[in-house]
Amino acid sequence: LPEYAFIGRSNVGKSSLINMLTEHKKLAMVSGKPGKTRLINHFLINKEWHLVDLPGYGYARVSKKEKKVFQQFITDYFKKRKQLVSAFVLVDIRHEAQKIDLEFMQWLGENAIPFSVVFTKADKLKPNVIDKNIEAYKANLLNTWESLPPIFVTSSSKKIGQEEVLNYIQEVNNQLNW
Ligand code: GDP
């Protein structure tokens, strides 16, 4: 089945977003036993696709060696996953573009992995500030990219962007003829 992977810096709101996207869906946890710490979780959604929960990157309190193991783990996932259709890179809408996120997107591009940008925590800002931040982010992306990826604005606490992300995945799935 097609897979869509969700990833971002730790504390970006990934768990909350995944909860929002998976609620009310016919859902089954695919890998591992509940309650056990796993690096990668798969959720089967509507028996049609897998939502893949990848570990957060950019932890401050992690040794260099641990970071390396971790990075290897994520790159292995992306390089081996034939089912992967695209990635969703989560970005906190309050912050300006972070080097680690931009580098990660760069790396996805170099490996021909399609991705979208998902802004999180949109409830924390006023609409005009949201627009301003998104414009600044787009301008930043256009320094290195010829065209912009799909962009989603979400808030897990206010349930913003849920349908947009799910409809997008549905549309891409429909075009796949899996
Ligand atoms: P993760 O580490 O990326 O999985 O992030 P979490 O989902 O655990 O969220 C990190 C923190 O941000 C928690 O304190 C959440 O309550 C908060 N948070 C996550 N999403 C939202 C959101 O949409 N709005 C607000 N206001 N807070 C959020």
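Trainee: Where is the place of Thr-154?

Mentor: Thr-154 sits in the loop between strand 7 and helix 5 (162–176); helices here are DSSP runs of H or I with at least four residues, strands are runs of E with at least two, and both are numbered from the N terminus. This is a predicted model, where local features need pLDDT of at least 70, side-chain atom pairs count only at pLDDT 80 or more, and totals for chains, interfaces and linings use all residues. Residues are numbered from 1 along each chain as its sequence is written, and side-chain values use heavy atoms, with hydrogens and water left out.

Trainee: Why does Thr-154 count as buried?

Mentor: Its relative accessibility is 1%, and buried means under 20% relative accessible area, exposed over 50% and partly exposed in between, with a 1.4 Å probe and protein chains only. Thr-154 is therefore buried.

Trainee: Which residues does Thr-154 touch, not counting those up to four places away in sequence?

Mentor: Among them are Leu-17, Met-20, Val-118, Phe-119 and Val-165, a contact being heavy atoms within 4.5 Å.

Trainee: What makes the pair of Phe-115 and Trp-145 edge-to-face?

Mentor: Their ring centres are 5.3 Å apart and their planes stand at 75°. Rings of Phe, Tyr and Trp (its six-membered ring) pair if their centres lie within 6.5 Å, and planes under 30 degrees apart count as stacked, over 60 as edge-to-face and the rest as tilted. Both values meet the criteria, so the pair is edge-to-face. Phe-115 lies in strand 6 (residues 115–120) and Trp-145 in the loop between helix 4 and strand 7 (151–153), so the pair ties together parts 30 residues apart in sequence.

Trainee: Are Phe-115 and Trp-145 buried or partly exposed?

Mentor: Phe-115 is buried at 9%, while Trp-145 is partly exposed at 23%.

Trainee: How do you know that Phe-119 and Tyr-137 are edge-to-face?

Mentor: Their centres are 5.2 Å apart and their planes are at 90°. Phe-119 lies in strand 6 and Tyr-137 in helix 4, so this pair joins parts 18 residues apart in sequence. Phe-119 is buried, with a relative accessible area of 2%, and Tyr-137 is buried too, at 3%.

Trainee: How many aromatic pairs does the structure hold?

Mentor: There are 13 aromatic pairs. Ring pairs also link Tyr-4, Phe-6, Trp-49, Phe-88, Phe-152 and Tyr-168 into a cluster.

Trainee: Now the helices: why is helix 3 called oblique to helix 4?

Mentor: Helix 3 (residues 99–110) and helix 4 (residues 127–141) pack at about 50°, with axes 12 Å apart. Angles under 35 degrees count as roughly parallel, over 145 as roughly antiparallel, 65 to 115 as roughly perpendicular and the rest as oblique. That angle makes helix 3 oblique to helix 4. The contact is made by Asp-101, Leu-102 and Met-105 of helix 3 and Tyr-137, Asn-140 and Leu-141 of helix 4.

Trainee: And why are helix 2 and helix 3 called roughly parallel?

Mentor: The axes of helix 2 (residues 64–80) and helix 3 come within 11 Å and cross at roughly 30°. The two helices are therefore roughly parallel to each other. Ile-74, Thr-75, Phe-78 and Lys-79 in helix 2 meet Phe-104, Trp-107 and Leu-108 in helix 3.

Trainee: What makes Pro-150 partly exposed?

Mentor: Pro-150 has 30% relative accessibility, so the residue counts as partly exposed. Pro-150 lies in the loop between helix 4 and strand 7, and its C-alpha atom is separated by 6.4 Å from that of Val-117, 33 residues apart along the chain.

Technical notes. Axes are lines fitted to C-alpha atoms, for helices over the stretch in contact, and angles run from 0 to 180 degrees between N-to-C directions.
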